[in-house]
Amino acid sequence: MPRLREPLDTFGFLIHDVARLLRKNFNRRVQSLGLTQEQCRVILHLSRHEGMRQVDLAELLEIKPITLARLLDKLQESGLVERRANPEDRRAFQLYLTRQAHRVLEKILAVGADTRADANRDVSLADLDRLYSVLSRLKTNLIEAEEHQSADLSK
């Protein structure tokens with residue numbers, strides 16, 4: 001009879017621990033920029049989606065709109081984010097990075113690269129490629145499972 005793994009040895013716990021340690025390593029490094037991981041996430045997503053509405057960014061980041069509003073307040077006070085009136089909806093704001101934020105973005109990306117270098121040390125490129133491939137497949141499987149579950153519930 002195969003030995004059952006202890007609950008803390010399961011894949012879910014392992015992936016959670018790796019993600020937590022990546023965040024911890026990143027947070028330690030990014031403190032030198034005077035930013036939090038959450039603020040960095042906002043800057044990174046806005047760099048890819050400038051002009052998006054505040055409500056859409058909250059949904060993308062999977063955080064409450066009020067939480068995002070607080071993050072944006074701090075980023076705006078720091079001169080990193082601009083809120084501009086949305087010409088199509090006067091109740092909504094569109095979000096843009098400032099020039100200063102684009103300079104900070106380069107530093108955030110460097111911190112991310114250093115964090116990945118720590119995590120990837122002594123791991124071959126072939127193993128990393130395989131890991132990314134497997135994780136991408138798992139992500140796709142879980143997205144599809146959620147879509148099927150949602151479709152079943154709507155019937």
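Here is a short walk through this structure, from its overall layout to a few of its charged side chains. Please keep in mind that the model is predicted.

Let us begin with the overall layout. The protein contains 6 helices and 2 strands, and along the sequence these follow the pattern α-α-α-α-β-β-α-α. Its radius of gyration is 19 Å, well over the 15 Å that the globule rule gives for 155 residues, so the protein is more spread out than a compact globule. If you picture a box around the C-alpha atoms, taken along the principal axes, that box comes to roughly 65 × 50 × 25 Å.

What about the inside and the outside? Of the 155 residues, 28% are buried. The protein exposes about 11,700 Å², and carbon and sulfur atoms supply 54% of that area.

You will find Gln37 in helix α2, which covers residues 37-48. Is Gln37 buried or exposed? Its relative accessibility is 16%, and because buried means under 20%, Gln37 counts as buried. Leaving aside residues up to four places away in sequence, Gln37 touches Arg23, Phe26, Asn27 and Val30.

Next come the charges. The protein carries 26 positive and 23 negative side chains, and the centres of these two sets lie 4 Å apart. Side chains of opposite charge can pair when their charged atoms come close. A search of the whole structure finds 8 salt bridges.

One of them joins the side chains of Asp118 and Arg29, at 2.3 Å from N to O. Asp118 sits in helix α5 (residues 99-120) and Arg29 in helix α1 (residues 11-30), so this pair ties together parts that are 89 residues apart in sequence. Asp118 is partly exposed, at 31% relative accessibility. Both residues also belong to a network of salt bridges that links Arg29, Asp114 and Asp118.

Arg84 forms a salt bridge with Glu82, where the closest N and O atoms are 3.0 Å apart. Arg84 is partly exposed, with a relative accessible area of 37%, and Glu82 is partly exposed too, at 30%. In the other pair, the side chains of Glu144 and Arg137 meet at 3.8 Å, N to O. Here Glu144 has a relative accessibility of 35% and Arg137 one of 45%, and each counts as partly exposed.

Key: Residues are numbered from 1 along each chain as its sequence is written. This is a predicted model: local features need pLDDT of at least 70, side-chain atom pairs count only at pLDDT 80 or more; totals for chains, interfaces and linings use all residues. Side-chain values use heavy atoms; hydrogens and water are left out. Helices (H or I, at least four residues) and strands (E, at least two) are DSSP runs, numbered from the N terminus. The radius of gyration is taken over C-alpha atoms; the globule rule is 2.2 Å times the number of residues to the power 0.38. Buried means under 20% relative accessible area, exposed over 50%, partly exposed in between (1.4 Å probe, protein chains only). Accessible areas come from the Shrake-Rupley method with a 1.4 Å probe; for residues, only the protein chains shown count as cover. Lys and Arg count as positive and Asp and Glu as negative; His and the chain ends are not counted. The place of a charge is taken as NZ of Lys, CZ of Arg, CG of Asp or CD of Glu. Contact means heavy atoms within 4.5 Å. A salt bridge is a side-chain nitrogen of Lys or Arg within 4 Å of a carboxyl oxygen of Asp or Glu.
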